[in-house]
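Biologist: I have a model open and want to learn how to read it. Where do we start?

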Amino acid sequence: MAELTSVGKSVRQKDGRARVTGEAKYYADFILPGMLQTRILRSPLPAADIISIDTTEAEAHPGVRLVMTHENYPKAFRKSLYYVGDLVAAVVADDETIAEEAMALIKVEYDKKKPVMSMEDAIKEGAPQVFEGVDNEQDWAFHAIMSDRDPETGLFKTKTPAEYNGFGDIEKGFAEADVIVEQKGLKYAYCKGPAMEPRGCTADFDGTKLHMYTHSQGMHDEKLCLAQALGIPSSMVNYVSPFTGSSFGGKNAFPLDRNIASHYLVVAGLACLDLKKPVHCPYSREEEMVSGWSRGSMANVKIGFKKDGTLTTMDLAHWQETGAGGDKYPAKNAMLATGSVMYSHNCQHQRGKIRYVNTNRFPAAGWQGYGAPEGVFAVETTMDIAAEQMGMDPVEIRKMNCMRTGDIDSGWDPLVYKSALISSSGIRDCLDAGAERLDWKNTWQHPSKKTGRIRHGMGVAIFAMGAGRPGPGNSSEAMVKIYPDGSAALVCAVADIGQGQHTVQCQIVAEVLGLPYKKIGLVCHDTDSTPFATLVANSCGTWIQGWATYEAAVDAKRQVLKLAAAHLGVVAEELSIGEDGIFMTADPSKGCTFAEAFGVRGHYGGIHEVTGYYVNNSPHPNGLKDGKEDQVYIPKEKGAQFISLDVDTETGMLSNIRVTMAQNVGKALNPKIVEGQLCTSRHGVDNAALGNDCIVDKRNGWLMTPNWVDYRHTTSMDCDVDPIVIEKPGDPTHPFGATACGEGAACPTLAAFSNAIFNATGVRIIETPFTPESILIGLGKIQDKRRKK
Amino acid sequence: MNENQKKLIHLTVNGEVQSIAVEAHWTLSKVLRNDCGHTGAKEACGEGACGACTVLINGVAVPACMVLAVEQDGKDIETVEGLAKDGELHPIQEAWLEEYGAQCGFCSPGMIMTTKYLLSKNPDPTDDEIKEALGGNLCICNNYEHIINAVRSAAKKMREQV
């Protein structure tokens, strides 16, 4: 490949100027004339039915335009309430003060029901049901056994629905194992999915069309779903989302599911359609804090090894909290951490049982990693215990067993394929790079050798995360336009939620066309102006949108070269594109301008733009080994993370927290963006060290930390992250060899943290968050005062 | 709300005097966003915990969600929209673009205004001083490494300009 000019460079963020000048319009910045304000009355009870609701006084309050309840808007409100903060009613008024005053005038009579406020309580025999007639604990619906392995490729050819996921013979595996390590009762606390910009939207009806201004992870997906929820044709909705103030998976809207926290869309949409006035429905931080929780899980792990440390067998039992309904998808991603993916190199026997559990806490949403961080926490702490028991170096046991390029992924998504070939790994390189950065070989010490009040510890964990899923429904499209003035535009709907897609996709266009990056514009404003793109989830944008963008640019370039060839009287293959126009590759002094190639133009005719177009019906042909449809390559996020910290053995306090995050990204399309993605490891530090947990008052179900003062996120002062970007070339699944980068950073932190605390103190903590109290209990300095369950 | 219950205040916003009738409980961030058209000040928490709405009031960085507009009568307010002059970005904004200081960008206006305040008091801050100054500004994208680089780079640019 010729030397790259745009890809691989840390060019400026494509829409960065607007972000730093304050001109960028996030949804709440669209302040429309005559816009009405909405306030939502929320449930004070964790489980209740509404017996009666009287809105007479609220409706009579001057300035009130509409009061919405389950009686007049059953599409938006329910009679039954499932958590404190669930939607009871909404007031739409001339301003927010009036709406708040009127909200206080709504009289509601509730029939209190018995709630379940924890996973442990929810799965107890005879526990009250969160949703009537539905068991609180449910198996994942797609468990399947893989069998009939192809001797050449190792791929499984047969998938049989079963009670659990896996392959091989689990009983035989453990019977033949030399060493078995088992951990029960691992717990990752239920944590709030983060977002800088709280949820909300503004709906505006223009006489023919409903324009929905909101944040988005996938405008087209969300639009279709909204239209269905509102009961209007999709063609009547224009979803407008030029900027999104971070999301991390949680703000992905799915208004058809009543348990997912995207109710603002239906509330504002219905009100706007009926009132024919713009309706603004913003969530306050307090409302945001009861929307979109994640991570909460319990797990049991059992791993079998040969004497030399070879991992042969793994059993994972995993329960994922979904709160009052919420997103059921994340739980199965725990399989990514098992012998099905992350340890597939040597694992012969795998079982994984995934369940999700409803409670009367706040509804769940996906969050960076979607279940993988929970699985990694369980498996990677157990691997550390195994290393300790077998007297192995924690880095070496992982290098010996982790997945490698060409190994099999059979745990990712049996919804769409049986098993796939891992297109690139590099975990071993990441382990080496991180260990070298920390001088692990010379500085790592066994906990028994540590003395003194302040003890230093280092821990490691590896991770594997998704990268979209190849198969139906995961398509993305792109148009690339080239204009006679020599500029070009990428027209696509890929969401930039902070991960940099708008920038890297434009870099791909610049690279293919041979134009400078500055000449590439972006059209990514709303659904009316863009073709379909799948939502950015599972870190798939670089890959699934990437191919669409690349191929559309190739198509546009081909058309322009054809025009120029006709103008110059040569063949297109002899031509190249540059900033000043089209030129003969062999003799750059000969050529023509874009305007000359496009020919004569008037406002009545002539060629005004050339449009290249491509639909990437994933997998792209390059994502198949030797073009064979049954041999799908799956790119992964993968790498290793190290945590180093100091523990004060008198107070249990942690200090000098440093995260060393190494990830193989194949090719860093924009190195600074990639480093920024690796720095999102801090979310793990939030969950590990800042006490983050879903603390509710058990008497009434109220969240005790409904703000950013009591529920903390790391600041510039809390820790340092040292990103190590590894680029191992050759991943065939991307035109420039890039693999995914985004969610990986969220996966390993809690395990590496627990391992570092163990390394410092010899105390093994298997429940998050890692509080000073839990460390002191482990050290035997204070008593565990919690009631035994 | 009866218009008579509003009070007319005069704010100098980015050098221009604006006369606005405000209700007693309106915050400065609400007035800047809804009445002055300066939506650069983002509101993310409404309780002074994140710094996204930071503006300078008489030269001092303040979260605009934590002060009442009616109390700012006669004061000089500077928002992120006031930084670029004649299409030329301010050195802090340039540094933000060079160092990739914005990921989703929602915290950027507040971070940038806090940085302006820091550099007005301390043109050559140490890393610890930068971290402490930004300690009240959350970046949920966790882009602090780049943000700190941007502040360092902005300080250098501004020292060279003087």
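Modeller: Start with the element count. This is a predicted model. Chain A holds 19 helices and 34 strands.

Biologist: What radius of gyration does chain A have, and what would a compact globule have?

Modeller: The general idea is to set the value against a rule based on chain length. Chain A has 789 residues, for which a compact globule would come near 28 Å. The value for chain A is 27 Å, which agrees. Along the principal axes, the C-alpha atoms of chain A fill a box of roughly 85 × 75 × 50 Å.

Biologist: How do I read burial and contacts?

Modeller: Count neighbours around each residue, then look at sequence separation. In chain A, 59% of the 789 residues are buried. Take the contacts in chain A with a separation of 6 or more: 79% of them link residues 24 or more positions apart.

Biologist: Which residues touch the most other members of the largest nonpolar core?

Modeller: They are A:Val91, A:Met212, A:Val267, A:Ala268, A:Val509, A:Val560 and A:Ile757, in a core of 302 residues. Helix H14 (residues 541-568) of chain A gives the most to this core, with 12 residues. Now zoom in on A:Ala268. Leaving out residues up to four places away in sequence, A:Ala268 touches A:Thr38, A:Cys201, A:Thr202, A:Ala203, A:Val279 and A:Cys281.

Biologist: How is chain B divided into domains?

Modeller: Look for the bounds, then for what lies between the parts. Domain 1 of chain B covers 3-81 and domain 2 covers 91-161. Their C-alpha centres lie 22 Å apart. In the contact between them, 15 residues of domain 1 of chain B meet 13 residues of domain 2 of chain B.

Biologist: What makes up the domain 1 side of that contact in chain B?

Modeller: Strand E3 (54-57) and strand E4 (60-63) of chain B each supply at least two residues. E3(B) has the largest share, three residues. By type, this side of domain 1 of chain B divides into 10 nonpolar, four polar and one charged.

Technical notes
Residues are numbered from 1 along each chain as its sequence is written. Chains are lettered from A and ligands numbered from 1 in the order in which they are written. This is a predicted model: local features need pLDDT of at least 70, side-chain atom pairs count only at pLDDT 80 or more; totals for chains, interfaces and linings use all residues. Helices (H or I, at least four residues) and strands (E, at least two) are DSSP runs, numbered from the N terminus. The radius of gyration is taken over C-alpha atoms; the globule rule is 2.2 Å times the number of residues to the power 0.38. A residue is buried if 20 or more other C-beta atoms lie within 10 Å of its own, exposed if 12 or fewer, and partly exposed in between; C-beta atoms are placed from the backbone. Two residues are in contact if their C-beta atoms, placed from the backbone, lie within 7 Å. Domain bounds come from an automatic or database domain assignment. Ala, Val, Leu, Ile, Met, Phe, Trp, Tyr, Cys and Pro count as nonpolar, Asp, Glu, Lys and Arg as charged, and the others, Gly among them, as polar. A nonpolar core is a set of buried Ala, Val, Leu, Ile, Met, Phe, Trp, Tyr and Cys residues joined through C-beta atoms within 7 Å.
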